[in-house]
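Here is a short briefing on one structure. Please look over the sequence and the model before reading on.

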Amino acid sequence: MNLLASMRYLVALNEHKHFGRAAQACHITQPALSNALRALETEFGVVIVKRARVYVGLTHEGERVLATAQRMLRDNEVLLQELRSDVDNPHGRLRMAAVPTAIPMLSRFAAMLNQRHPGILPVVLSMSSQELETGLESLSIDLALGYTERMHLPGIKLTAWPQSVEHYFLLRRAETPSVDELRIGQPITWAEAGKLPLCLLTTDMHNRAIMDQALREAGVPVAPAIETNSVLALALAVSAGTVSSVLPGAMVAAVRSHRELEALPLVAPEVLTPIGFMTQDGVRSSRALEAALAFLQTPEWREQVRIHSGALGD
């Protein structure tokens with residue numbers, strides 16, 4: 001039995017919650033995955049997977065094996081990167097994830113990091129805040145970008161690198177397109193914005209909780225015209241001209257080339273949300289992660305953050 005491979009199959013099963021999809025992700029057949037997990041149970045002398053016609057979860061002992069598997073795979077990746085890299089040329093995969101509204105910032109970071117260190121393969125994932133917490137806890141992601149104020153994991157200490165304090169804008173079609181790019185207009189109150197037909201993220205998103213709180217403080221009911229879990233859908237709905245939306249500065253910066261749109265700063269109340277990178281503290285960093293953490297503290301990256309997020313350059 002290949003112990004490391006079997007541990008990888010167990011982690012995949014926990015991630016996908018489905019035998020077939022886990023096998024597909026591991027590029028093996030479902031019977032091969034099932035046989036490997038049974039061999040793992042025989043090796044440790046415990047039942048790891050709850051028995052049923054479909055996947056229903058892991059046993060208590062299985063959860064303990066899973067935690068060890070996650071650490072083993074992480075340590076294996078760190079070792080491989082150390083063997084394949086030198087101080088100035090890190091090599092390896094770097095799994096990063098961000099809340100949907102911070103994806104433009106993370107994508108920019110990944111592209112600049114890869115340009116600086118071509119040996120690094122950034123993997124950029126979009127996750128909810130809850131999924132970010134799970135990913136950091138399970139070590140399935142190396143670096144998270146999200147709402148630093150809400151990231152509190154029981155028994156796990158996180159290290160945060162603050163990036164920006166997000167401001168919010170009402171995004172809508174302009175009456176007259178600008179000459180070159182999206183126009184930043186005059187401020188508008190949340191109460192005024194709440195009376196417009198809005199396209200907002202779904203209620204399971206932390207960004208939506210921020211919107212709802214601001215609208216309630218402004219004294220207007222939360223009654224979106226469209227809901228979506230896709231930030232791309234938000235921008236496309238506004239571009240179609242039927243609705244407006246509320247977006248943080250990082251998302252507004254991503255659609256700056258759309259001269260038919262305008263963004264109005266939202267006031268009364270003033271809503272400011274800290275955004276930052278986070279890692280799990282006390283975990284040995286890979287060469288790729290070390291390079292990423294060094295880059296995010298450079299003046300070059302800080303200038304990009306200033307221009308493309310928050311109050312958009314102010």
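This is a predicted model: local features need pLDDT of at least 70, side-chain atom pairs count only at pLDDT 80 or more; totals for chains, interfaces and linings use all residues.

Helices α5 and α12 pack with their axes 11 Å apart. Phe109 of α5 takes part in that contact. Phe109 also belongs to an aromatic cluster with Phe277, Phe295 and Trp301.

**Helix packing: α5 and α12**

- Helix α5 spans residues 103–116, and helix α12 spans residues 299–308.
- The two helices pack at an angle of about 155 degrees. Angles over 145 degrees count as roughly antiparallel, so α5 and α12 are roughly antiparallel to each other.
- The crossing of α5 past α12 is right-handed.
- On the α5 side, the contact is made by Met105, Arg108, Phe109, Met112 and Arg116. On the α12 side, Glu300, Trp301, Gln304 and His308 contribute.
- Sorted by class, this contact has four nonpolar, two polar and three charged residues.

**Aromatic pairs and the cluster**

- The structure holds five aromatic pairs.
- One of the pairs joins phenylalanine 109 and phenylalanine 277. Their ring centres are 4.9 Å apart, with 45 degrees between the planes, and the pair is tilted.
- Phenylalanine 109 sits in helix α5, while phenylalanine 277 sits in strand β12 (residues 273–280). The pair therefore ties together parts that are 168 residues apart in sequence.
- Phenylalanine 109 also pairs with phenylalanine 295. Here the centres are 5.4 Å apart and the planes are at 35 degrees, so this pair is tilted.
- Phenylalanine 295 lies in helix α11 (residues 287–295), so its pair with phenylalanine 109 of α5 ties together parts 186 residues apart in sequence.
- Phe109, Phe277, Phe295 and Trp301 form one aromatic cluster.

**Burial of the phenylalanines**

- Phenylalanine 109 and phenylalanine 277 are both buried.
- Buried means under 20% relative accessible area. Phenylalanine 109 has a value of 0% and is therefore buried.
- Phenylalanine 295 counts as buried because its relative accessibility is 1%.

**Valine 165 in strand β4**

- Valine 165 is placed in strand β4, which covers residues 158–166.
- Its relative accessible area is 39%, so valine 165 is partly exposed.
- Leaving aside residues up to four places away in sequence, valine 165 touches Leu272, Thr273, Pro274 and Gly310.
- Valine 165 and tyrosine 147 are 18 residues apart along the chain, and their C-alpha atoms are separated by 9.8 Å.

Note on methods. Residues are numbered from 1 along each chain as its sequence is written. Side-chain values use heavy atoms; hydrogens and water are left out. Axes are lines fitted to C-alpha atoms, for helices over the stretch in contact, and angles run from 0 to 180 degrees between N-to-C directions. Helices (H or I, at least four residues) and strands (E, at least two) are DSSP runs, numbered from the N terminus. Angles under 35 degrees count as roughly parallel, over 145 as roughly antiparallel, 65 to 115 as roughly perpendicular and the rest as oblique. A crossing is left-handed if the near helix is turned anticlockwise from the far one by less than a right angle, and right-handed if clockwise. Contact means heavy atoms within 4.5 Å. Ala, Val, Leu, Ile, Met, Phe, Trp, Tyr, Cys and Pro count as nonpolar, Asp, Glu, Lys and Arg as charged, and the others, Gly among them, as polar. Rings of Phe, Tyr and Trp (its six-membered ring) pair if their centres lie within 6.5 Å; planes under 30 degrees apart count as stacked, over 60 as edge-to-face and the rest as tilted. Buried means under 20% relative accessible area, exposed over 50%, partly exposed in between (1.4 Å probe, protein chains only).
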